[in-house]
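Notebook open, structure loaded. I wanted to look up a few helices, the sheet and the aromatic pairs.

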Amino acid sequence: MIQQLAARHAADTVALRRHLHAHPELSFAETNTAAFVTQELQKLGLRPASIAKTGVVALIEGQPGGPTIALRADMDALPMTEHNEFGWKSAKAGLMHGCGHDGHTTMLVGAARYLAETRAFDGTAVLIFQPGEEGYAGAKAMIEDGLFERFPIDAVYGMHNWPAMRPGTVGINPGPMMAASDRITITVNGRGGHGAHAYTTVDPVLVAAHLITAVQSIVSRNVRPVESAVISLCAMQAGDMGAMSVIPDTATLVGTVRTFSPTVQALVERRLSELCGAVAMGFGATATVKYERMYPATINSATEAQFAGDVAQSLVGRERVVRDLEPSMGSEDFSFMLKVKPGAYLRLGQG
């Protein structure tokens, strides 16, 4: 029945996705997207509610006596230019659905059509259309705005397109799916001066260069090999590109830390502060580390992961479901939902 209904609505579903793709909106600015989704849900006889500025939530009642299950899709786009030529390319300069959230939103509207038309399930479905996933912790904002108080649920599920898997396949595992994402800012303070008389200075650029290499020892010499962590220093700012012979007073490094375990996360944070301070001191400078915990790790609960895998298997077949999918060091703010509710996060192959 699912396949038959999907086939009947295929043209409308494609048109819906192309509309969303052509009209991307950034985090917490998804005003038109939210209005469009609301209109589509109202066509199904639903009464969607607004939450967390541009979030949308709707309920679908099935047969009495079952659980209340939430399905979540993110709606925001990215600040990037699209280099395509098809008719539904982004109509907004500098904005693009480059992460597939237009597809996620379309899939959840499609699920709403099936659930509302058939009511062939026990319990209640809660449809969560989330704003602000791309670096703005929209899931956290929805929770803080009373998402699970207004809409109590037993479990929550999310899905993301995954180009690394073949089309028609589903990937999941019963534990970590994506890593925690933390931001680090390292500020090196030295003493500036003339490059021709470097001996009179405490060169923060030199210190920063040593920090870039020294920091890489934290994972290789502190984190157990059977655990995972990544430290990447991705940008550096120091001095003036127009002043070739001026040593600056300060240098700043920014980067990211990715971990799955809170214990490893705490270890990395501590060692970063110790190591940066010690290395800088050796050169007569000082270094401070600002460590910001952004998104927690996305950890599936075992029971819900098993259930989601079973459902996927019933739809696409055993051979097309990967139940031990390798975790990604990327991050996802669905993690905030899984911190407070059981649930699972799946990958949908589209490579």
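I started just past helix α3, where Gly45 takes a positive phi of about 85°. Before going on, I noted that this is a predicted model, in which local features need pLDDT of at least 70, side-chain atom pairs count only at pLDDT 80 or more, and totals for chains, interfaces and linings use all residues. Numbering runs from 1 along each chain as its sequence is written, and side-chain values use heavy atoms, with hydrogens and water left out.

**Helix α3**

My helices (H or I, at least four residues) and strands (E, at least two) are DSSP runs, numbered from the N terminus. I checked the length of α3, residues 31-43: at 1.5 Å a residue its 13 residues should span 18 Å, and the end C-alpha atoms are 19 Å apart, which agrees. The expected span is 1.5 Å times one less than the number of residues. Then I looked up burial (buried is under 20% relative accessible area, exposed over 50%, partly exposed in between, with a 1.4 Å probe and protein chains only). Thr33, Ala34, Phe36, Val37, Thr38, Glu40 and Leu41 of α3 are buried. Their cover includes α2 (10-22), β2 (55-61), α4 (101-118) and β4 (122-130), with contact meaning heavy atoms within 4.5 Å.

**Helix α7**

The twelve residues of α7 (204-215) should span 16 Å at 1.5 Å a residue, and I find its end C-alpha atoms 16 Å apart, which agrees. Buried here are Pro204, Val207, Ala208, Leu211, Ala214 and Val215. They cover an arc of only 125° around the axis, so they sit on the same side of α7; the arc is that of the directions from the helix axis to the C-beta atoms. Among the elements covering them are β8 (180-189), β10 (229-238) and α9 (262-282). What caps the N-terminal end of α7? I found Asp203 there, with a side-chain oxygen 2.9 Å from the backbone nitrogen of Val205.

**The sheet**

Next I traced an open sheet of eight strands, in the order β1-β2-β4-β3-β5-β16-β6-β15, with mixed pairing. Its edge strands are β1 (49-51) and β15 (321-322), each pairing on one side only. Two strands pair if DSSP finds at least two bridges between them.

I then followed β16 (343-349), where six of the seven residues are buried. It runs parallel to β5 (155-162), with seven bridges, and antiparallel to β6 (170-171), with two. Leu348 in β16 stands opposite Asn161 and also opposite Val170.

**Aromatic pairs**

How many aromatic pairs does the structure hold? I get four, counting rings of Phe, Tyr and Trp (its six-membered ring) with centres within 6.5 Å; planes under 30 degrees apart are stacked, over 60 edge-to-face, the rest tilted. Tyr157 and Phe307 make a tilted pair, 6.2 Å centre to centre and 55° between the planes. Tyr157 lies in β5 and Phe307 in α10 (302-316), so the pair ties together parts 150 residues apart in sequence. Tyr157 is buried at 9% relative accessible area, while Phe307 is partly exposed at 48%.

Tyr295 and Phe336 pair edge-to-face, 5.7 Å centre to centre with 80° between the planes. This pair links β13 (286-295) with α11 (334-340), and the two residues are 41 apart. I have Tyr295 as buried at 7% relative accessibility and Phe336 as buried at 14%.

Conventions. A polar contact is a pair of N or O atoms within 3.5 Å; within protein, one must be able to donate a hydrogen and the other to accept it, and residues adjacent in sequence count only if both atoms are side-chain atoms.
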